Structures are given as C-alpha cells and as structure tokens.
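Please look over the structure below.

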Amino acid sequence: MSRLFSLRSLLLPKLRALQCPSSRPLTLSVESRSSSKQHSQPKQAAGGYTIVDHVYDAVVVGAGGSGLRAAYGLSHAGFKTAVITKLFPTRSHTIAAQGGINAALGNMEEDQWQWHAYDTVKGSDWLGDQDAIAYMCEEAPQAVIELENIGMPFSRTKDGKIYQRAFGGQSLKFGKGGQAHRCCAVADRTGHSLLHTLYGQSLRHDTDFFVEYFALDFLMKGDRCVGVIALNLEDGTIHRFRSNNTVVATGGYGRTYFSCTSAHTCTGDGTAMLSRAGLSNQDLEFVQFHPTGIYGAGCLITEGCRGEGGFLINANGERFMERYAPNAKDLASRDVVSRAITIEIREGRGCGPEKDHVFLQLHHLPAEQLHKRLPGISETARVFAGVDVTKDPIPVLPTVHYNMGGVPTNYRGQVVQHRNGRDVIVPGLYACGEGASASVHGANRLGANSLLDIVVFGRACALTIADLHKPGEKFPDLDQSCSGDASVANVDTLRHANGSTPTAVLRTQMQKTMQAHAAVFRDGPTLQQGVKLIDDCFRAQKDLKVHDRGLIWNSDLVETLELQNLMLNAVQTLYSAEARKESRGAHAREDFKDRVDEYDYSKPLQGQAMRKDHWRKHTLSITDQYTGKTTLTYRPVIDRTLDKDKFDTLPPMLRKY
C-alpha cells in the first residue's frame, strides 16, 4: 500500500504537467535524441506539444509478422533499427492466423515450388504479378526452414518432419495431380507461434521497440521518404524518426466493414499514410470474404478444418460444394466457396430458423485428431458458438477477412508508383505484409499464402536494404517541407473537434455502408449508391465530436485518427469497385459476370485483336485527404517471371476447381 502511494505521489505531478493546456495556438519544442538510448526525458514546452527526434538506419512501422521479420533481418544485418507499433508486438493481428504457411517442402508427397506458383497465379485470377509470385514460391521452402531453425515449433509427422496439411486451392502437377499437402502448421495456432518466434529474435538482435506509438504520417522530402512522425500514446509527445529506410508493415483495413475477422486495430494506417503523402494505393476493390466466420460473432474458423477433413453442409444435409467445385470441393479457392455459401442461402437452403447460414461439420473426425490438430478451433467454437465440435456442426457465414490490395511494391519490397508508362521506385520507402501489394495475391489470396507473404517479403525488405545501404550512412536533414507540422496540426484539430457527431457513430455508418454496398456479390446500382453514401461519410468528418481534450491515453483521439485512415481506405475501395466492370476473383459483379481479359482465352488466340477495354490491370487509387476527391489510374499486370527456364509465364486460362 505504501509503495502504491509513493508511486502515485511521484507520478501525479508529472501527469498533471503533461495535461493539455487550455491556451492555444500550437507551439512546438524539439529535443534531439541519440539512437543508442532506449528512452530520454522529453522537454515540455508551455502552451504546446513536445517533439522528440530520433535517428535510425531503418524504421519499421508495425510489429506483426512482416514487420518483425523485416526488423529481425535488418538488426541481424547490423542496421540500427526501430519498430514503431501502436500495440504490444505479440498482440498484433498475425497472432490470429490459424491454418499455416505454404511451402513446397514435399514432406507428405512429392512437391515442387513451380506447382505452388501455378496455384497462386490461378488463385489470383491472373491479376497477380508473376515475377513476385515466382519469387515468393521459390523462396518459400528456405523461409520456412529459417523459421524452424530460429525456434518455431512446427507440428511434426511421425518421422519428425514438419507436418503439412491440405489447404484450399493447392494442387500437384500444375492442377492435374490432385490435392497438395503444402501447408506447414503449428496445430491451429501457426500465427501465434510465428509472432512469438520473430519477436524473440528481434529482441535478441537489439531491435529498439517504441510500443504504443501511433504512426501519423511519412516524412517526405520531395519524392523521397526520410522517416515517420508518431504520437506517443502514453504521454502525448510527438516523435520524429529520421531514417534512410522506412518499412511499412501496418496490416489491412478489415475494420472498414461492420463484420470481419480482423482485430479492431486493423485500420489501414499504412495505406492511408501513403494516400496522404500523395501516392497511389493498388487494387483496394479486392476484399476477401473468408467462407467460415462464426455466425453472429465473425470469429475466424480456419480453412485448416476443411484441410483436416471437415466439410460444409446446407439445411438438407447436402455437401453442396460438390456442385460448385467438383474436383476441389470444400477446398476450392476462398472466393469460390464464399460465393457458393451465399448462393445456397439466397436459394433457401440456409440453416437455422432464419435460414441465413450453413454448417461446418467436424464431428465425423476422430476426437483425438481434433484435439491434436484443431485445439484452438474447438475452444473458439465452444466459446463463441456454444458448440462441442465432437458432437455438433459449427454455424458459419462468409466474413470479411483479408485485403488483397495495398501499397504497391516490386518483388524486392520497394514501393513503386506508375508514372509515364513505367514503374518508378519511391526512394527510402518499403512495404510488406497485408498492407502491401506485391502483387502475389492479385484478385484473390489462397489460404496459407498470407503467412508466407509476410515472411518472404518482410525478409525481402531487409535483404534489399542490406544490399543497397550500409549501417551508419549519412541521414537526410529535415527541412520545413518534411517537418511534420501538418501532422501535428491535424492531431490538434481533431483533439479540439467540437461538432455533433461522435466518432463511433460515424464509424458505424461507414462500416454498414461498406457491408451493404461492397459485399460478396456486387452490382452497378448498389456500388453507385455506396459511392454516394461513402462520400457523405467522408464529408461528415468535419462534424466530428471528440470529448477527451487530453494527451495521455486519449483513446477518443486515437479512434478518430484511425477513422480518418479507415475512411480513406473505404472511399478508394468503393470507387475502385464501382469502376471495375467485370468479375474477377473476390470482385464478383452480377451485372458483369465474366472476367474481361485482353483476349478471349476460351478460344484460340490466333486472329484475335487485343481488347483495349480489358480489365486485366491493377487499379491505382488516390484520395485527397481534404476534399475526398478520388482519382483512379491503372497499371499493367507483370506477366514476365524472373527466370523463364525455372518457371515461364503462365498465360491466362479459364479458372475452374
């Protein structure tokens, strides 16, 4: 008791001193900070904010799987590296990944990375960049072995090899050899294990973590990124991280939707920061609905359930996927399964009193197998659905799960922009993970390629930086153009916002707009109405009301900053979806049901003229942060591979499972 009292006596005066002053306008004080120190005492300026400056060889924004893999690789290579994260690293959303990580190890049957690449190109509905796909699939076995060597405790076969399960969209011998067992798993807690393993390695190699710091914006000097500006949530100080190399690893923006499997922290911070920097995002219209979210709760039920032998049934007890995907059945690609479930419900074959979901059946599997391979799912189903999976099926419904689009990069992790008909690298800026678009997923991601994506391209960012730079290089100076003043002014404006609309109310309005107007099936009138409604939501930000005026743990302010980020992502998603007049991958339009390629690949190509109005191209979108005006341009898909002798270009064909 006495110790608690003494701590309060010490802390309360400091807390009071840091409270927001009533006087304005905004003033700033700046304190230099050595990168060799973990902490230093900030200097408080009366009447304003305190800015603390840091200098690092590399700065990683985000501490999920991709951010930690990049940080570990950079620190291991000798770069003084800082990780900025708005929550503790092991609470990042990577921890929710269940099923596994794809790699053609061949532990269960013969396998080749070229077969994996074929499945990934096909899964992307030929919108994936084939140089990046070939790179990812070829590097996959080495990336997984590296994880094993640094301590990731994979499940094992009887002879001690890494256990690999079946997963959706994975085949052998270029689709002609049956189902592949390619997904390396740690029971059904693979993401949890990956995150803890990489966090431990990052600490081991002396990475500096700035935990509970909210990244506000990139510091851009001309067309070059020279760092990041962030808000310390603990005390309200502003921190500028100056660096030659900035890695964006902020994850997706699932929380633009009302029902999703994403954590509440998945607010598209990196893609919004890119838009505010005047740079384009890529392919935001492609939003994956996971076929099996728990009905009513939205919690993820891994595809690994079907990989272990589970299957979907409708109200008649029919294994309906046999009608939609005669070969792959329940292990067809996710977009195919989600649409099949939606059609079953629409046509009156849904389960339950409202006929508004289907069942995932597992109770035919041995209890020992469920306990060994799916322990987390068994617990999740019991807690969130009240179901004993050894006796009853799980009620499931397609739920927003993943964003295929993001910050456009090449296969080395460098952020690119398409200008004057060619890709131009943005100096100093890299991206990886769900917040990036390499683009290995194209219009649809295959299950278990996400953990592979974050590991391979987090690693690629570190390797590219180590190849192009050396630790201790001279750092660019900050001038007025990259001081971060606009970011601080935005924080100050939001903190004193005195409109009539609470942040939570506008956020719900945005989420319900997205849920209703950018769903599994889309059409022109619905999308056009969605564009109008999301524009209304964007304009309504001017009427926001923030109740907490303080600087210390101001969750009201942080949620408003996150709403700004979500809104930029939501606007670009709806505008991009409305403009794309075709169906491809996760983007399924009922008024344009066919994929529109440059040629009709169902017929011989000889004699065909190339269609100029085709849609086998990437959407590039940018939104003005002040007016909401959204501009769309397009970028060609990269069909060439890195080495045609190893894996040649795979021309488009009809996509069937």
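## D335 and its surroundings

Beyond its neighbours within four places in sequence, D335 is in contact with N444, G585, A586 and R655. Contact means heavy atoms within 4.5 Å. With R655 there is also a polar contact of 2.9 Å between the side chains. A polar contact is a pair of N or O atoms within 3.5 Å; within protein, one must be able to donate a hydrogen and the other to accept it, and residues adjacent in sequence count only if both atoms are side-chain atoms. D335 counts as buried, at 5% relative accessibility. Buried means under 20% relative accessible area, exposed over 50%, partly exposed in between (1.4 Å probe, protein chains only). D335 sits in helix α9.

This is a predicted model: local features need pLDDT of at least 70, side-chain atom pairs count only at pLDDT 80 or more, and totals for chains, interfaces and linings use all residues. Residues are numbered from 1 along each chain as its sequence is written, and side-chain values use heavy atoms, with hydrogens and water left out.

## The four-stranded sheet

Four strands form an open sheet in the order β12-β15-β14-β13, with antiparallel pairing. β12 (287-294) and β13 (311-313) are the edge strands; each has a single partner, so one side of each lacks a neighbour in the sheet. The twist averages 50 degrees from one strand to the next. Helices (H or I, at least four residues) and strands (E, at least two) are DSSP runs, numbered from the N terminus. Two strands pair if DSSP finds at least two bridges between them.

β13 is joined to β14 (residues 358-361) by three bridges. Here I313 stands opposite F359. Helix α9 (residues 334-346) lies across β12, β13, β14 and β15 (394-403), at about 60 degrees to β12. Helix α11 (residues 375-385) lies across β12 and β15, at about 80 degrees to β12. Axes are lines fitted to C-alpha atoms, for helices over the stretch in contact; angles run from 0 to 180 degrees between N-to-C directions.

## Strand β6 and the cysteines

β6 (residues 179-184) runs antiparallel to β4 (residues 101-102), with two bridges. β5 (residues 164-171) also pairs with β6 in the antiparallel sense, over four bridges. C183 in β6 stands opposite N102 and is the bridge partner of R165.

The structure holds zero disulfides (pairs of cysteine sulfur atoms within 2.5 Å). For C137, the closest cysteine sulfur is that of C184, 13 Å away and too far for a bond. For C183, the nearest is also in C184, at 6.9 Å. C137 is buried, at 0% relative accessible area. C183 is buried, at 0%.
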